[in-house]
Amino acid sequence: MHENPEQDMQTQGPSHEERENSSPSSAVDGNPTKQYEPNDDWNDITTEFFNCVKELKLGELVHDSMFGLLDAMSAIEMMDPKMDAGMSCNREATPLTFDTAVETGQIKLNNLLPKESIGIIDAVYSCTVSWLEGHSMAQTVLTCLYLHKPNKIECKTMRSFSIAIQKIINLIRSITIKANVYEEEDFQHSTFDYNLSAEITETKAMNMLKAAEEELIKKTKESDDEREKEEIQALLARSLVGVYPLKQGTSWPHGQDVAAQSTVSLKTEMIEIVKSLNGALELAQVIEKTIELGTQPEEGSDAPNPMGFSMMVNQRLLPPTFPRSTKIKDRHLSIQYLIELIQRIKHSCKIINCSSYNAALNFLMDFNKKFTPCLLSRSIPQILYFPTLRMVFGVKPFTEVLKESVKAFIAPPALRPDNPLYNNPFAISCINSFFEYNEPPFQSLFAICGYNRARQRDHLGFLLLNFPHVQDEAERVDVYLHSLTPRSENSRHLACFGTWAFYHCLRAMSFYLLAGLELELYSVHEYLYIFWYLYQYLFSWIVSALTRAETFLAEQEYAADPKAAKSNQKKPKPKKRKAKTDVKEILFNEAMETLCGGYYKALAGFIKEDRIPEPLPMFDNEQVRFEHRFAPFANLTTPPPMPYSEFKQMKMIMLQSSATELYAAAAKHFHEARTLLETFPNPDEGWNDIVKVAKMNYVMMNLLASGHSRQSKLPPEFDFSCHRYFPIIKQRK
């Protein structure tokens, strides 16, 4: 969208000074009240307005200085039911409340038929799922009138279920608030002053469910009707589902004060939680098969069930211009959502097996890639790993975990018990101060992995602003520890902490750029410098940092080995020790570097043949786009941000080659990436997807290099369906 400055000036109203000068003369005459008299002299400008609109070109906007695009996007369209909350209120003269519904007989407090109870419970589950997807509680869960005053319900099953679902909602709310990895589009935590049965304990709620269970079992035995038995058993399954979350509700560290416990006891609790989740999963599958036994929503009605719901009951609690129209999720989709949610929660509990910081960070990243989790399943790893501030699993200080991370990555001499610096008080104080001061950025990096994908990228941009301080401190620590190292020592303290900080900074940078590909933030003509940056710098630097850490570890172990020191053996090559370190990560990043090189050269070939449309020069500036895309890297010193001039020079050199040579070079890169990934045994699903992408692109580049579709000037297609970062390149004839 482009603005027309000339029309902008023409359409602007009178300035502030002109409006003041054009005020009625009556105000000057000493009668200020006449200044504010309404002007009833209205003129119809409809025809004139639409005639002016015809002069605008497609995509062109005209705005006043007092009302711009941001104001237009934030405005509420009056009389639109989806935007104007007042229009929804006008549908019902008096919204139905719990007391009114009881008085008029529109809801039952006792003697509910099994199919009626099933319909109400399924509808409440649908409302709960809608709430979990980010809608307001007042427009979802709290539209069920039975949840307003559950103590007045006489039916044991419905009363116990209403209280149990309130306790579960409160548990979910506590977990998500404590994890604090949500944004306004993810979660609405307000309860609108409903107490959600706060006076009733989880134990009492469970006892009520068990009493209702016994009553339903008794009814099943007394009934002779097969249909009725089937309905009661379906109702029993729905009633029992609430037992499992309440049973393990106290095990989740969602409170403000969490007692310290050993990792062994935590793992034992997780085993019990997983058992409960398995039980809930079996019941959820039974519920999915018996949805049709309950009463169904009326056609054309917004209510999820004919009885027990009032969609307008809380409308006056919402802000006057609440810009959301909530549609309750379908029952089948809701139960399927709950089944998948239980499976995600089961997987998220596995974070307790991550003993190191890097392992926990990788677990969260893989979890996000594999499951695209919801807020609740993203929050659970956060509260399990950090049940209390700065304490991992509530047992070990986070600074100690970071020390172990550095030790496992590069093993600085000062952290090795056989080194004199290990017991040096000055070295100990320096290292402790470094970790205490730089603990927040690494804790923030862990928390960022719990946000939704779009917000992760935003928060990474802000996090990268703090990394220069971390790297500066790491370099100072290395220099200071090196000065403390005795000259007689073989192992010198050079760039150990700096390499570790450098590695994490590079991971954050690469994650930031790749997230832009996943979120489709880049235009196709921008892919060239995105993959150039990943290929020439980020992944190659990551490989360099990992290789340097590997080499340093080998040297440290060689120096610590008394047999090797006495003999005249040569220092072991790092490649001989790779089986003991994380060779998988080195291999993966080498493959990523080569893969990005394939995209970079393929895109250069497309540009050489004018297959990728470029924006018009009068509306575009490539340098501005380049600097905007890499703006979060501008404050970094290590690695230094790459200037646009360097990219421009590299692009000119690259485009001197013919398109055939570029396609052939791209095919070679894709083949090398595939070969590297296939050399590692037992690859996971993500590796197999990348191998498939590399194979497809290798074939396409060979076809283009041999003259396939050379006469066509159609732009290539980039298909992200197989992998969210690396597309399959397709070229139509």
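This is a predicted model: local features need pLDDT of at least 70, side-chain atom pairs count only at pLDDT 80 or more; totals for chains, interfaces and linings use all residues.
**Entry 1: helix H7**

H7 runs over residues 114–132. I took its span from the first C-alpha to the last as 27 Å, close to the 27 Å expected at 1.5 Å a residue. Just after H7, I noted that Gly 134 takes a positive phi of about 115 degrees.

I then went to the loop between H7 and H8, where Ile 153 lies. Is Ile 153 buried or exposed? I recorded a relative accessible area of 1%, and residues under 20% count as buried, so Ile 153 is buried. Leaving aside neighbours within four places in sequence, I listed its contacts as Leu 109, Tyr 146, Met 158, Arg 159 and Ser 162. I also checked Ile 153 against Asn 110: the two are 43 residues apart in sequence, yet their C-alpha atoms are 7.0 Å apart in space.

**Entry 2: Ile 232 in helix H10**

I located Ile 232 in helix H10, which covers residues 226–241. Ile 232 has a relative accessible area of 3% and is buried. Which residues does Ile 232 touch, not counting those up to four places away in sequence? I found Pro 114, Leu 216, Lys 219 and Thr 220.

Where does each of them lie? Asn 180 is in the loop between helix H8 (156–179) and helix H9 (202–222). Phe 393 is in the loop between strand E3 (391–392) and strand E4 (396–397). Asn 180, at 46% relative accessibility, counts as partly exposed, whereas Phe 393, with a relative accessible area of 8%, is buried.

I checked the peptide bond from Thr 638 to Pro 639 and found it cis, with omega near 0 degrees. Pro 639 lies in the loop between helix H25 (622–629) and H26.

**Entry 3: H24 against H26**

I followed the chain to H26 (residues 644–654) and set its axis against that of H24 (residues 583–608). The two axes come within 10 Å and cross at roughly 65 degrees. Angles of 65 to 115 degrees count as roughly perpendicular, and H24 and H26 are therefore placed in that class. I noted that their crossing is right-handed. Which residues make the contact? From H24 I listed Tyr 600, Lys 601 and Ala 604, and from H26 Met 650, Lys 651 and Met 654.

**Entry 4: the whole chain**

I closed with the chain as a whole. I recorded 28 helices and six strands. Of the 733 residues in the chain, 48% are buried. Among contacts with a separation of 6 or more, I found that 78% join residues 24 or more positions apart.

Conventions
Residues are numbered from 1 along each chain as its sequence is written. Side-chain values use heavy atoms; hydrogens and water are left out. Axes are lines fitted to C-alpha atoms, for helices over the stretch in contact, and angles run from 0 to 180 degrees between N-to-C directions. Helices (H or I, at least four residues) and strands (E, at least two) are DSSP runs, numbered from the N terminus. Angles under 35 degrees count as roughly parallel, over 145 as roughly antiparallel, 65 to 115 as roughly perpendicular and the rest as oblique. A crossing is left-handed if the near helix is turned anticlockwise from the far one by less than a right angle, and right-handed if clockwise. Contact means heavy atoms within 4.5 Å. The expected span of a helix is 1.5 Å times one less than its number of residues. Buried means under 20% relative accessible area, exposed over 50%, partly exposed in between (1.4 Å probe, protein chains only).
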